[in-house]
Amino acid sequence: MLVTIVCSIMLMTGLFLMLLGGVGFIQNKSFFTSAPKDVQAVLEDKEERFPGQHVLGWCLIVVSVLMMGGGVVYGIWDGIKNNFIFIQFFIRLLVMLFLLKVFDIIVFDWILLCHSNFFPYFYPETKPYLGSHQFGFNKKDHIIHIILFFPSSAIIAWLCTLF
């Protein structure tokens, strides 16, 4: 269980670094495709505040992808090393995905989007459009993701048992 928690923390950290790299440093509207529509409408691409800002953002995104990939690979490798059966892989992957989704909902949606100055700090034009009323704007997407967790975890778990 400890490995599952560590891998989940790696996924969460990677997801946060990806958000920080895109929103805080690259600052391109294309990173806001999952934001509320009224927020997307007022966004403007930003110029670099300091030389190398965009490069730093892309470096954070590369690190985040490697960290998230590493969390998944380590979880799978540990399962193979410990002779996991299908259900053990399935539960590990499902727990990792559910913890990542809970992190997304609580930290990204509830805290950063609705109750902090994170987005307005980088995009002051979004301040009037953010607040508690935005919580749950993407619940349909969250439900779809949760439903897809089951077959994707099952497929990956099945593939892992082939090793």
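## Packing of H3 against H4

In this predicted model, helix H3 (residues 53-81) and helix H4 (residues 86-114) have axes that come within 10 Å and cross at roughly 155°, where helices are DSSP runs of H or I with at least four residues, strands are runs of E with at least two, and both are numbered from the N terminus. The axes are lines fitted to C-alpha atoms, for helices over the stretch in contact, and the angles run from 0 to 180 degrees between N-to-C directions. H3 and H4 are therefore roughly antiparallel to each other, on a scale where angles under 35 degrees count as roughly parallel, over 145 as roughly antiparallel, 65 to 115 as roughly perpendicular and the rest as oblique.

On the H3 side, the contact (heavy atoms within 4.5 Å) is made by Met68, Gly71, Val72, Gly75, Ile76, Asp78, Gly79 and Ile80, and on the H4 side by Phe89, Arg92, Met96 and Leu100. By class, the residues of this contact are seven nonpolar, three polar and two charged, with Ala, Val, Leu, Ile, Met, Phe, Trp, Tyr, Cys and Pro counted as nonpolar, Asp, Glu, Lys and Arg as charged, and the others, Gly among them, as polar.

## Packing of H4 against H6

H4 also packs with H6, at an angle of about 150° and with the axes 8 Å apart. That makes H4 roughly antiparallel to H6, and the crossing of H4 with H6 is right-handed. The contact of H4 with H6 contains 16 nonpolar, five polar and three charged residues.

His142 belongs to helix H6 (residues 139-161) and is buried, with a relative accessible area of 8%; buried means under 20%, exposed over 50% and partly exposed in between, for a 1.4 Å probe and protein chains only. The side chains of His142 and Lys101 are joined by a polar contact of 3.1 Å, that is, a pair of N or O atoms within 3.5 Å in which, within protein, one must be able to donate a hydrogen and the other to accept it, residues adjacent in sequence counting only if both atoms are side-chain atoms. Setting aside residues up to four places away in sequence, His142 touches Lys101, Asp104, Ile105 and Asp109.

Leu113 lies in H4 and is buried at a relative accessible area of 9%; beyond its neighbours within four places in sequence, Leu113 is in contact with Pro36, Phe108, Phe119, Leu130, Gly131, Gln134 and Phe137. Phe135, in the loop between helix H5 (118-122) and H6, is partly exposed at 37%, and with residues up to four places away not counted, Phe135 touches Ile105, Asp109, Trp110 and Cys114.

## Overall architecture

The protein has six helices and zero strands, and its C-alpha atoms fill a box of roughly 50 × 35 × 25 Å along the principal axes. Of the 163 residues, 41% count as buried, and residues 24 or more positions apart account for 77% of the contacts with a separation of 6 or more.

## Basis of the values

Residues are numbered from 1 along each chain as its sequence is written, and side-chain values use heavy atoms, with hydrogens and water left out. As this is a predicted model, local features need pLDDT of at least 70 and side-chain atom pairs count only at pLDDT 80 or more, while totals for chains, interfaces and linings use all residues.

How values were computed. Left-handed = near helix turned anticlockwise from the far one by under 90°.
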